[in-house]
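Work through these exercises with the model open beside you. Try each task before you read its solution.

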Amino acid sequence: MKYNSFLLHHLSIYYMLLACFYNSIAGTFAKILAMQIPAIEVVLFRNLLALFIILYIMRKNRKIQAQPSRGGHPWMLATRGVIGILGLIVFFYNLTQLSLGEAFTFQKTAPIFIAVIAYFALKEKLSKFGWFAVFLGFVGIVLVIQPHFGIHAGHIFGILSGLFAAIALTAVRELRKYYSANVIILSALLAGTLMPILFMAIAEFIEIPALNFMISKFVMPDIKGWGIGAILGVCGLYYQSYLTKAYAATRKAGIVATLSYTDIIFSMIFGLALGDTLPNFTALCGIALIIAAGILIANRR
């Protein structure tokens, strides 16, 4: 019994580290690709290949039939897909505005926003310790932004990426009562495929300079771009796979959630390879506070 517990514990750590590694690689290739094509197109690359692979796996294994759904909440399912993809769009755009490490840090503010959203929207209790962690997280955000130097557009989009991710993840918690995991994943991938196509179609008739990262015409990538897009899709799929395995192999989700922040470290290393500079000392302190707040919330909840 102890051996099995030990094995599961360390297996979940191994899976989560792999998930963070692949997530960081996906972010690195997304940053490279976003320099060549609009962020909305990067989202299409990220989801289209994953959609085909997931459909193939489901068709082969017939797992979708083994997980019946109660259903009845299609608008909630659609809204979750739209909000999640909006978060992905602003995250990919943010990769062109900030260093990899900073962009990933802002996305990792999601647990802080989830705690606040769950308190007000779902009426979940939040202890004084929980509010302290939330306060710690917001102090960290301020230290990363450093408003006395002026607020960069990337900072605003960074906060939005964390907020949208939090709304999407909170919606998933509710949707699991009505739909199987396969249906929720499929809806997200379908939204991530159809929305970019819709926005690029709109861009053929309407031009909005302020939203050119989202409502933009299709730009044909070169051969290198197609290759990077394929790697991005595969790495994104591996990330989702190992993330799922990590939580499935553990009895203490807090430990796995704590390790999920290692993708910030991986992304900083990969960012240096791309020419990013390390954040200054104040920003590093802010990143540390955001990570600490997320870990405290994850373990407390």
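## Exercise 1: The second largest pocket

The second largest pocket has a volume of about 160 Å³. Keep in mind that this is a predicted model.

**Task.** Find how many residues line the second largest pocket, which lie nearest its centre, and how the lining divides by class.

**Solution.** 
- Step 1. Count the lining: 14 residues.
- Step 2. Go to the centre. Glu102, Val144, Gln146, His155 and Asn280 lie nearest to it.
- Step 3. Sort the lining by class. Seven residues are nonpolar, six are polar and one is charged.
- Step 4. Look again at Gln146. Glutamine 146 sits in the loop between α6 and α7. Its phi is positive, about 50°, although glutamine 146 is not a glycine.
- Step 5. Check the cover. The relative accessible area of glutamine 146 is 7%, so glutamine 146 is buried.

## Exercise 2: The cavity

**Task.** State how many cavities of 30 Å³ or more the structure holds. Then say which element gives the most to the lining of the largest cavity.

**Solution.** 
- Step 1. The structure holds one cavity of that size.
- Step 2. The volume of the largest cavity is about 50 Å³.
- Step 3. Its lining includes Ser99, Leu100, Gly101, Ser267, Met268 and Asp276.
- Step 4. Assign the lining of the largest cavity to elements. Those that give two or more residues are α4 (100–107) and α11 (262–274).
- Step 5. The most comes from α11, with four residues.
- Step 6. By class, the lining of the largest cavity has five nonpolar, five polar and one charged residues.

## Exercise 3: Salt bridges

**Task.** How many salt bridges are there, and which residues form them? Take a side-chain nitrogen of Lys or Arg within 4 Å of a carboxyl oxygen of Asp or Glu as the cut-off.

**Solution.** 
- Step 1. The count comes to three salt bridges.
- Step 2. Take aspartate 263 and lysine 108. Their closest N and O atoms are 3.3 Å apart. Aspartate 263 belongs to helix α11 and lysine 108 to the loop between α4 and α5 (110–121), so this pair ties together parts 155 residues apart in sequence.
- Step 3. Check the cover of this pair. Aspartate 263 is at 0% relative accessibility and therefore counts as buried. Lysine 108, at 12%, also counts as buried.
- Step 4. Take glutamate 124 and arginine 173. Their side chains meet at 2.3 Å, N to O. The pair links distant parts of the chain, 49 residues apart: glutamate 124 is in the loop between α5 and α6 (128–145), and arginine 173 is in helix α7 (residues 153–175).
- Step 5. Glutamate 124 has a relative accessible area of 24%, so it is partly exposed. Arginine 173 is partly exposed at 32%.
- Step 6. Take glutamate 174 and lysine 177. The closest N and O atoms of this salt bridge are 3.1 Å apart. Glutamate 174 is partly exposed at 22%, and lysine 177 is partly exposed at 45%.

## Exercise 4: A positive phi in a loop

**Task.** Is lysine 123 buried or exposed?

**Solution.** 
- Step 1. Read its backbone. Phi of lysine 123 is near 60°, a positive value in a residue other than glycine.
- Step 2. Apply the cut-off: exposed means over 50% relative accessible area. Lysine 123 is at 68%, so it counts as exposed.

## Exercise 5: Nonpolar residues, patch and cover

**Task.** Which residues form a nonpolar patch on the surface? Then decide whether leucine 189 is buried or exposed, and do likewise for methionine 220.

**Solution.** 
- Step 1. The patch is formed by Leu48, Phe52 and Leu55. Together they have about 270 Å² of accessible area.
- Step 2. Leucine 48 lies in helix α2 (residues 39–61). At 31% relative accessibility, it counts as partly exposed.
- Step 3. Move to leucine 189, in helix α8 (residues 181–203). Its relative accessibility is 9%, so leucine 189 counts as buried.
- Step 4. Methionine 220 is in the loop between α8 and α9 (223–248). Its relative accessible area is 57%, so methionine 220 is exposed.
- Step 5. Finish with a distance. Methionine 220 and leucine 289 are 69 residues apart in sequence and 41 Å apart in space, C-alpha to C-alpha.

Notes
Residues numbered from 1 in each chain as written. Predicted model: local features only at pLDDT ≥ 70, side-chain atom pairs only at ≥ 80, totals over all residues. Heavy atoms only, no water. 1 Å grid on protein atoms, 1.4 Å probe; cavity = no way out; pocket = protein on both sides within 12 Å on 5 of 7 lines; lining within 4 Å. Points joined across faces, edges and corners; volume = space filled by probe spheres on them. Nonpolar A, V, L, I, M, F, W, Y, C, P; charged D, E, K, R; others polar. Patch = residues over 30% accessible without salt bridge, like charges linked within 9 Å, V, L, I, M, F, W, Y side chains within 5 Å. Areas by Shrake-Rupley, 256 points an atom, 1.4 Å probe, with all protein chains shown as cover. Buried < 20%, exposed > 50% of the residue type's maximum accessible area, 1.4 Å probe, protein only.
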